[in-house]
Amino acid sequence: MCYKSKQLLIMPQVALKTLSVTQLDDLFTAQGWPRYRSRQVLDWIYRRGVTRFDDMTNLGRSERIRLADIAVITEPVVSEIQHDAEDGTEKLLFRLEDGETVESVLIPDEDRLTLCLSTQVGCTLDCTFCLTGTMGLKRNLKAHEIVDQVLGARAHAGPERPITNLVFMGMGEPLANLAAVCEAIERLTAPWGLGYSPRRITVSTSGLVPQMAQLGAFRHPVNLAVSLNATTDDVRDRVMGTINRKYPLTALLEACRAYPLPPRRRIFFEYVLLAGVNDPPADARRLVKLLHGIRCKINLIPFNPWPGAPFERPADATVAAFQAILLDAHFSAFVRKSKGRQILAACGQLRSAYQQGFIPLGS
Ligand code: SF4
């Protein structure tokens with residue numbers, strides 16, 4: 001048996017996207033190739049979206065043949081797309097290698113196209129306003145499964161609609177899967193990768209205090225969003241019990257005050273308004289006190305009900321009154337329209353709707 005066939009027998013093909021940059025360098029070094037070759041391959045995969053070694057024209061022929069022997073480039077599989085005709089929001093359902101599914105949402109807005117990314121199949125937490133929270137955690141996504149959502153959405157949107165912003169606000173608590181999120185951000189920001197500025201990337205958390213400090217120390221200064229949703233521990237225990245019992249409001253806001261914000265940046269506070277629960281004027285006034293001294297923007301999001309949800313959407317007048325109190329106190333406060341209401345576009349809603357039979361697959 002020749003050496004090459006023997007090696008093929010003992011060495012299964014490696015999926016290149018699953019390797020870290022260091023592992024890829026090691027693989028190339030083991031083949032006797034210079035380090036810059038691995039950067040060239042990464043550039044083809046991520047920046048140019050090429051999936052066939054044959055198309056990597058700056059590699060030698062023998063290198064392309066050898067790579068095809070030992071490696072594969074897996075492609076993201078979009079198994080379902082839903083489109084909201086009202087506001088242009090699109091929801092993509094990705095099928096993963098083990099058959100699990102996660103979703104990403106493309107949100108057009110004036111001159112921006114934002115992609116909302118998932119980081120876990122399900123979620124460790126149990127926020128009662130969130131359909132993903134009802135699923136429990138199946139597993140964490142790997143870095144390449146996070147980046148594949150961007151590659152799949154980019155291919156779907158096409159060159160005329162470049163994705164301008166990335167938000168880690170889909171299924172899952174990003175900071176509960178911080179290592180994979182940081183590895184994904186490396187690929188999303190690298191010059192050989194997708195080349196995004198960290199300013200265009202926002203990572204959201206429900207309040208994992210120790211990991212907030214770790215994200216703050218990460219070498220790419222991405223934006224931080226905090227899902228707050230209450231102004232007292234009693235109400236936060238009710239809507240985000242697991243996380244708030246571990247890191248109550250005082251600890252969370254201390255972590256926000258300590259967060260190393262780059263100049264001219266702010267923390268985004270997300271506040272889902274739930275009728276009769278956290279939307280009275282007294283809550284708005286408490287919010288003013290809680291956030292005093294924190295450089296921030298506040299996004300008010302009227303609840304987007306899903307089938308069987310335990311909360312209702314507040315009246316527009318209630319939302320306006322809440323916002324007015326924040327504006328009077330000189331906060332930047334915006335009411336975010338729930339995008340994609342026709343397609344259940346809040347996090348986890350498409351996947352859950354499929355699972356629970358509200359939307360038959362293939363509809
Ligand atoms: S809101 Fe986010 S953190 Fe809370 S259960 Fe849903 S996905 Fe998890």
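I began at Pro260, which counts as exposed because 11 C-beta neighbours lie inside 10 Å, and the cut-off for exposed is 12 or fewer. The model I am reading is predicted.

**Pro260**

I placed Pro260 in the loop between α10 (249-258) and β12 (267-273). Ala217 is 43 residues apart from Pro260, and their C-alpha atoms are separated by 7.9 Å.

**Backbone: positive phi**

Most residues other than glycine have a negative phi. I noted two residues that go the other way.

Asn229 has a phi near 70°, a positive value, and is not a glycine. I found Asn229 in the loop between β11 (223-227) and α8 (233-239). Is Asn229 buried or exposed? I count Asn229 as buried, because 27 C-beta neighbours lie inside 10 Å and the cut-off for buried is 20 or more.

His330 also has a positive phi, about 70°, and is not a glycine. I located His330 in the loop between α12 (316-328) and β14 (332-335). His330 has 8 other C-beta atoms within 10 Å, so I list it as exposed. My entry for the pair: Asn229 is buried, whereas His330 is exposed.

**Helices α5 and α6**

I turned to a helix pair. Two packed helices are described by the angle between their axes and the distance between the axes. I looked up both values here. The axes of α5 (residues 143-157) and α6 (residues 178-189) come within 8 Å and cross at roughly 45°. That angle makes α5 oblique to α6, because the cut-off for roughly parallel is under 35 degrees and roughly perpendicular runs from 65 to 115. I recorded the crossing of α5 past α6 as right-handed.

Which residues of α5 meet α6? On the α5 side I listed Ala143, Ile146, Val147 and Val150. On the α6 side they meet Ala180, Val181, Glu183, Ala184, Arg187 and Leu188. By class, I have 8 nonpolar, no polar and 2 charged residues in this contact.

**Ligand shell**

Last, I went to the ligand. How many residues surround the ligand? I have 12, and the closest are Cys123, Cys127, Cys130, Thr132 and Gly133. I then sorted the shell by class. The residues around the ligand divide into 6 nonpolar, 4 polar and 2 charged.

Definitions and conventions. Residues numbered from 1 in each chain as written. Predicted model: local features only at pLDDT ≥ 70, side-chain atom pairs only at ≥ 80, totals over all residues. Helix = DSSP H or I, 4+ residues; strand = E, 2+ residues; numbered from the N terminus. Near = placed C-beta within 6 Å. Nonpolar A, V, L, I, M, F, W, Y, C, P; charged D, E, K, R; others polar. Axes fitted to C-alpha atoms, helices over the stretch in contact; angles between N-to-C directions. Parallel < 35°, antiparallel > 145°, perpendicular 65-115°, else oblique. Left-handed = near helix turned anticlockwise from the far one by under 90°. Contact = placed C-beta atoms within 7 Å.
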